[in-house]
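Subject: Predicted model for your review

Dear colleague,

I am passing on the structure below, and the notes that follow it set out what was found there. Please read them alongside the coordinates.

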Amino acid sequence: MTRPLGLTCLALIILLGTSRAQPNEIRKSVARITNTAQEPNYRIPWLPGAQGGGSGTGWVVSKDRLMTNAHVVSNAKFLTVEKEGDPRKYIARVEHIAHDCDLALLRVEDAAFFKGTKPLPVGGIPELESTVTVFGYPIGGERLSVTQGIVSRVDFRAYTHSTVDSHLTIQIDAAINPGNSGGPVIQNGSVVGVAFQGYSGDVAQNVGYMIPTPVIQHFLRDIKDGRYDRYVDLSVGIFPLFNPAQRKAFGLADDDRGVMVSGVLAAGSSAGVLRLSDVIMSIDGLPVASDGMVELEGERVQMAEVAERKFVGDSVKLEIVRDRQPQTVEVKFATAFPFTMNANQYEKQPQYVLFGGLLFQPLTRNLMSSFQFQNPRVDYLFDHFIQREVYKKHPEVIVLSSILNDPLNTYLGDFKEGIVEKVNGVEIKTLRELAAAFAKQAEFYVIDFVGGGRPLVLERAAVEAARERIKSRYNVTDEQFLGETTPAS
Amino acid sequence: MRSFLFLALFVSIAGLRAEQPKTLAAPTVKLDESHHVVRVNITNQNWDFLRPWGKRAPFTRRAVGPVLAGGRVLVSGELVANANYIELELPDGSGKTPAHIEVVDYECNLAILRADDSKFLKAFEPLELTEAKVGDTLSVWQLESTGVVLAAPGPLTTVEVSRYPTDDSSFLVYRAQTTIQFRDSSFTLPVIKAGKLAGLVVRYDSQANNAEIVPTPVIRHFLKDAGKKPYAGFPRTGLGFSNTRDPQFRRYVGLEGSGGVYVTQVLKDSPAAKAGLQPGDIILSIDGQPIDQDGNYRDPAYGKLALIHLISTKHYDGDAVKFVVQREGKQLDLTLTLAHRDVESYVSEPYVIDRAPKFFILGGLVLQELSRQYLKDFGNDWLKRAPQELVYLDRYQHDLFPDHPKKIVILSRVLPMPSTLGYEELRQLRVTKINGVELQSLADVPDALEKAANGLHKVEFDADPSVIYLDAAGLKGDEEALTKTYRLPATKRL
């Protein structure tokens, strides 16, 4: 999100602390969302994929928009919304989708849908033990369902939709079932959360989770400029400072203050500002306890929550102790963490290059779940991509994921699952570079893979001769897709 | 009724024996054959690499061992791995004697046992060795409780080079198709061809009825090495290669004719490196034997075989072997002096058998050396269950550590004590330095601990949390409580 320039605000009015919604108004403002999704198949990336879908819940957040979970409307090709007491199905479309915090904003063009609804006001963080009511369209029937429970816990937790993000989460004991996703959780006539995930009954009982209002507000603010920029973070590892010896080594008093910086991601916001073994004493003026918690608006929360409430372009002030000397540093959040290959990706056409029947694809979680790779190197580079800074050398890890068998490549089976290092001596960092290397005229294309071994060699003439044969035999419509071209900013 | 049936069975066996059947289709039994084999009872007890101060529960297995000339009994290496007690028993159970391992090689999976009482095997007739070829009928021997040999015949179906249990070694195996009725608690059993020993069954797949056999050529090599002191072991070259099947690749490297393999890796200080072999060389022949594009040569006895057999089994440690290689279009003659590679020379040792795991407990931080044995203690699916980072370091050790740091020191777990407060969750981390001293092995730890500054030990890791400190005096104070609380028999073994 670039800073809003005054006028860029949408007509999106969030009714903070304004009039409470009455029970009948709430019921009318909760919609059932049906999603016809299309998910690409990474094994045949040139095809659009199969249709699937499901249903969830949404709620009226402003005069012409609905809020729901990102996972309810992911990969959507066709969306309809319905509400109680209205026989019609209305066509909706996704206006903004935030996969890292599992929220989405839908637009319904037909104003008739909103007749009789009321934008539900967004409240604060409910007290522990206080009662909340969940509205939605879960399994077990067609009509609106209402369940009730109490607030069990406020904690930082993983959001399973993307698999890699964690944010503030509120645990409640009201029944949350498939179909409830995206529905409002109400207290005193205000939305205090969006129901989004839970455990199946054989793991835990009466554990449901909702996205709390700080996350909802963050999403709404981020999109004010018309674009969602994702969360920013410090991109550091921190280690608690309980041990007296550890505290003594850093010259700290015995006052339960401060955490050690135990990892700094080279591609993250803190690179060049924070160093290993710095001790963070405070963040934006909030004292950091030795377990990494700060007190924010009356709640003890992880220090990360302070960064969670920031946006691209913001910064955070840290008081640190470095080499026993107190200092103040500022971390600027220029961009969200750039590498998302470990996260589930949605609405994206798979990128690939097909050359000589060899299918090259960048490693992503989607690719990992489509192929059961046996090469332990692939697993390692995937799991350690960020921690071991694999992205420095391989911003994209290009895998020879499969081979469309042809006389041209019949002896190349051993190379399957290899990770491309070089083509004709040139290091390959991205799929685009690979495509460019194959586009260059050469007699031989010599592909070196990570970990040595013999190079894979293709003769240009042989590749050309096989090209149409492979395309028609395997029904390949396009030989490459390098991704949507990003508009010059 | 029961006893009657038993009797009937007995009679029919006796009848079979009398008729001297020509066909080997059904199990045959000969009483006198039991003079060639002896029962072997082994009690093993493995070290627990995840709790390196102790051993796991002991277990006992029974096997059948062929008696060789000189009062030696041959068994598989696996059978005697970490043996606490070995006993030889007469086939009919009428006498037992303790025995000991004379020589064992876990790589070729063979061991020679000797009875403590040298007279114990006096009455036995030693078996001679014989080679077998595909199509020969082999007979797998077991012993009935009466001492009668139960022979399971079957054809030798396959002779090939295959991976051995320490999984860093490949040698020749025979595979036979046979139905083995389960009599004893192991499948270390002699394989007989026409009254001579052709190999030892080491593994049996009862669904495929496939017996995997350590064959005579490997046994002969082992026995010859066993006659020399010190025992040398099977030699290696220290090179990796890949096939050259793809015609496009052959044209690219300018390879004419049909054979040759492409050298992909030459380990530092290996026989191959010392002889000047380089990655990218194409090996055309070894020892005068042309090498085909898949890395096979033509063996006079077995036909097409992987070249590893030619090097590791046909040759011995110290042998000079001529390699003809093609490099940049020219042919070169190189002479490799083959050598066995000592298992302790690996950064992460592929196996640690009969040796107690090293460890050092630093005030509750359990420090160990990474080995594949350690990883394998995570269970059968250790590749998935063991810490991925450590599996990676072990698996790609030759790429990652071409200059051989001696060992990788890891913090395997923490036994929480007051002085380790806050470190309880640390585990499976590679330790790089203690008090600024780079660790080359666990043996460096005591000296490094002498270098504490300001009464603090500094321990550094190659991953988050990068560094922790421990109070040196606090550790000393905790030492006694540590051993008491966790009932540790020792706090270090270096």
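Strand β7 (residues 131–136) of chain A pairs with strand β10 (residues 184–187) of chain A in the antiparallel sense, over two bridges, where strands are DSSP E runs of at least two residues, helices are H or I runs of at least four, both are numbered from the N terminus, and two strands count as paired if DSSP finds at least two bridges between them. Within this pair, V134(A) has V185(A) in β10(A) as its bridge partner. Both strands belong to a closed barrel of six strands in chain A, which runs β7-β8-β9-β12-β11-β10 with antiparallel pairing. On average, neighbouring strands of this sheet are turned by 50 degrees against each other, with direction ignored.

Some conventions before going further. This is a predicted model, in which local features need a pLDDT of at least 70 and side-chain atom pairs count only at pLDDT 80 or more, while totals for chains, interfaces and linings use all residues. Residues are numbered from 1 along each chain as its sequence is written, and chains are lettered from A and ligands numbered from 1 in the order in which they are written.

Helix α2 (residues 213–222) of chain A lies across β9 (165–172), β11 (190–198) and β12 (208–212) of chain A, and runs at about 45 degrees to β12(A); axes here are lines fitted to C-alpha atoms, for helices over the stretch in contact, and angles run from 0 to 180 degrees between N-to-C directions.

Strand β21 (residues 352–355) of chain A runs antiparallel to β22(A) and is joined to it by three bridges, with F355(A) opposite L358(A). The hairpin of these two strands has two residues between them, and G356(A) takes a positive phi near 60 degrees there. β22(A) also pairs in the antiparallel sense with strand β23 (residues 398–403) of chain A, over five bridges, and here L358(A) stands opposite I403(A).

For chain A as a whole, the secondary structure comes to eight helices and 28 strands, and buried residues make up 43% of its 489 residues. Its C-alpha atoms fill a box of roughly 75 × 70 × 50 Å along the principal axes.

The contact between the chains takes 32 residues from chain A and 29 residues from chain B, two residues being in contact if their C-beta atoms, placed from the backbone, lie within 7 Å. On the side of chain A that touches chain B, α3(A) gives the most, with five residues.

As to confidence, the predictor gives the complex an ipTM of 0.88 and a pTM of 0.90. Over residues 1–31 of chain B, however, the pLDDT is below 50. Where pLDDT is low, the predicted coordinates should not be read in detail.

Best regards

Technical notes: A residue is buried if 20 or more other C-beta atoms lie within 10 Å of its own, exposed if 12 or fewer, and partly exposed in between; C-beta atoms are placed from the backbone. pLDDT is the predictor's confidence in each residue, from 0 to 100.
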